[in-house]
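My notes follow in the order I took them.

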Amino acid sequence: MKKKFLLGILMVLFFGLTACSLDINIATDDKKPEVIDDGNVQEQVDTKQYQNEVFKEVTVSKSNGEAIVKGKARVFEGVFQYAVISGPEILQENHYQTDGAPAWGSFEITIDKELLTKEEVTIELFVYSAKDGSKTDILTIPIK
């Protein structure tokens, strides 16, 4: 009886950890973009939320030609990287500091309108692996 119980626990742990290690990008599309106009600034708010294991509640809004990417990240020492990309060209690459894991730290990244003049602009949120320096936990979000 104890062997079956321990085997069951090991299976639950194994499959739980395996499921947690999957890189999953999820986008929820509840509504079409909402336009807010306060008389001075027109802002377009997209209600899609993007997420994976490390980033959640990530949204994109546009104001005065700039794109604003907001969300939460749970990353080691609160540091992650991002790149603004158009096709194979990296337009901008930088890092962001927020609260460290296990907390979900909020972030807000503004993308200048000059970078949005290119075709098919996306932003990649990611973490560099401490093990080999490769990109991990990549979340790609279309901006334009």
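Entry 1, the hairpin. I started at the turn of S5 and S6, a hairpin with 2 residues between the strands, where Asn64 takes a positive phi near 50°. The model is a predicted one. I placed Asn64 in the loop between S5 and S6.

Entry 2, strand pairing. I counted 7 bridges between S5 and S6 (residues 66–73), and the two run antiparallel. Ser63 stands opposite Glu66 in S6. I then followed S6 to S9, where the strands are again joined by 7 bridges and antiparallel. Here I found Lys72 opposite Ser106 in S9.

Most residues other than glycine have a negative phi. Glu57 belongs to strand S5. I logged Glu57 as partly exposed, since its relative accessibility is 34%.

I found a cis peptide between Ala101 and Pro102, with omega about 15°. Most peptide bonds are trans. I located Pro102 in the loop between strand S8 (89–97) and S9.

I searched the whole structure and got 6 aromatic pairs. One of them is Phe55 with Phe107, edge-to-face, at 6.4 Å centre to centre and 85° between the planes. This pair links distant parts of the chain, with Phe55 in strand S5 (residues 55–63) and Phe107 in strand S9 (residues 105–111), 52 residues apart. I found both Phe55 and Phe107 buried. Another pair is Phe126 with Tyr128, also edge-to-face, with 5.2 Å between centres and 80° between planes. I have Tyr128 as partly exposed, because its relative accessibility is 39%. I also traced a cluster in which ring pairs link Phe55, Phe80, Tyr96 and Phe107.

I checked Lys135 and found its charged end over the ring of Phe126, 4.4 Å from the ring centre. I found Lys56 over the face of Trp104, at 4.5 Å from the centre of that ring.

Definitions and conventions
Residues numbered from 1 in each chain as written. Predicted model: local features only at pLDDT ≥ 70, side-chain atom pairs only at ≥ 80, totals over all residues. Heavy atoms only, no water. Phe/Tyr/Trp six-rings, centres within 6.5 Å; stacked < 30°, edge-to-face > 60°. Helix = DSSP H or I, 4+ residues; strand = E, 2+ residues; numbered from the N terminus. Buried < 20%, exposed > 50% of the residue type's maximum accessible area, 1.4 Å probe, protein only. Lys NZ or Arg CZ within 6 Å of the ring centre and 35° of its normal. Pairing = 2+ DSSP bridges.
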